[in-house]
Amino acid sequence: MNMIAKSVKDSLTVMTEIVLPNDTNNLDNLMGGRLLHWMDICAAIASQRHANQVCVTAAVDSVEFNCPIRQGEVVILESRVNRTYRTSMEVQINVWAENNLTKTRRKCNRAFYTFVAIDEAGKPQPIPPVIPESDKEKKCHANAVKRREFRLLLSGRIKLEEAIHIRSDLMTAFKAHTDDAEDD
Ligand SMILES: CC(C)(COP(=O)(O)OP(=O)(O)OC[C@H]1O[C@@H](n2cnc3c(N)ncnc32)[C@H](O)[C@@H]1OP(=O)(O)O)[C@@H](O)C(=O)NCCC(=O)NCCS
């Protein structure tokens with residue numbers, strides 16, 4: 001397998017959809033499940049562009065549905081690989097709704113997906129590293145390691161002692177919580 005490092009741009013994926021009646025709930029808004037389906041596809045393409053291997057979704061976190069998307073609006077989904085590990089990678093996806101009648105565009109959703117490259121037997125496979133270039137990419141790359149620790153902690157894959165990047169933040173937050181509780 002080719003392990004030459006790639007840029008974040010190599011994985012950049014943009015998908016455009018239009019919200020049709022069959023995609024909506026009885027309020028004529030895009031159904032969350034349909035949007036998650038599009039987001040999963042968009043993120044999967046980014047992961048496979050990076051890894052050049054079959055990749056599966058291992059985890060989805062921080063999905064935010066910030067505003068409804070109306071029937072007839074155009075949905076733009078953009079995904080990219082933020083950071084890579086041995087066989088897994090974090091893919092960030094941003095979603096905008098565009099209204100062609102009012103010529104407006106608003107950011108509606110954001111999520112972080114974890115994809116793992118696998119072989120025919122479903123065994124995780126090593127992937128090439130990603131190199132962040134722009135300041136924004138470097139910031140996402142730096143923060144990704146904390147998000148990974150948090151999701152591995154929540155899924156029980158690591159213990160708090162192993163979460164070296166977020167342990168002190170969590171301890172501080174926990175101390176603030178208990179200190180305030182003691183004052184009541
Ligand atoms: C994802 C999957 C291949 C991981 O297999 P596994 O036996 O747990 O493999 P490992 O323990 O070696 O973990 C492999 C990598 O996945 C990461 N991973 C696994 N579960 C994770 C989770 N919940 N959150 C974040 N990362 C996770 C591990 O940290 C590891 O990363 P690294 O190699 O970069 O350090 C396996 O759980 C699977 O096939 N799940 C089903 C996938 C699926 O059907 N998705 C929906 C359709 S695409």
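**Overview: the whole chain.** Of the 184 residues in the chain, 27% are buried (20 or more other C-beta atoms within 10 Å of a residue's own; 12 or fewer makes a residue exposed, anything in between partly exposed, and C-beta atoms are placed from the backbone). This is a predicted model: local features need pLDDT of at least 70, side-chain atom pairs count only at pLDDT 80 or more, and totals for chains, interfaces and linings use all residues. Residues are numbered from 1 along each chain as its sequence is written. The chain holds three helices and seven strands, where helices (H or I, at least four residues) and strands (E, at least two) are DSSP runs numbered from the N terminus. Walk along the sequence and you get β-β-α-β-β-β-β-β-α-α. The C-alpha trace spans about 55 × 50 × 35 Å along its principal axes. Take contacts between residues at least 6 apart in sequence, and 68% of them join residues at least 24 apart; a contact here puts two C-beta atoms, placed from the backbone, within 7 Å.

View 1: Helix α1 covers residues 32–51, 20 residues in total, and reaches 28 Å from first C-alpha to last, close to the 28 Å expected (1.5 Å times one less than the number of residues). Its buried residues are Leu35, Met39, Cys42, Ala43, Ala46, Ser47, His50 and Ala51. They sit on the same side of α1 because they cover an arc of only 160° around the axis, an arc taken from the directions from the helix axis to the C-beta atoms. Just after α1 comes Asn52, with a positive phi of about 55°.

**View 2: strand β4 and its partners.** Eight of the 11 residues of β4 are buried, so this strand is largely enclosed by the rest of the structure. Strand β2 (residues 13–18) pairs with β4 in the antiparallel sense over six bridges; strands count as paired if DSSP finds at least two bridges between them. In β4, Val74 has Ile18 standing opposite. Strands β4 and β5 also run antiparallel, joined by 10 bridges. Here Val75 stands opposite Ala97 in β5. The link from β4 to β5 is a hairpin through three residues.

View 3: Domain 1 takes residues 1–131 and domain 2 takes 134–184, with bounds from an automatic or database domain assignment. Their centres, taken over C-alpha atoms, are 24 Å apart. Nine residues from domain 1 and nine residues from domain 2 make up the contact. On the side of domain 1 that touches domain 2, the elements giving two or more residues are β3 (55–65), β4 (74–84), β5 (88–99) and β6 (104–117). That side of domain 1 splits by class into three nonpolar, three polar and three charged residues. For the classes, Ala, Val, Leu, Ile, Met, Phe, Trp, Tyr, Cys and Pro count as nonpolar, Asp, Glu, Lys and Arg as charged, and the others, Gly among them, as polar.

View 4: Met3 is found in the segment before β1 (6–7). It counts as exposed because it has 9 C-beta neighbours inside 10 Å. Leave aside its neighbours within four places in sequence, and Met3 is in contact with Pro126 and Pro128.
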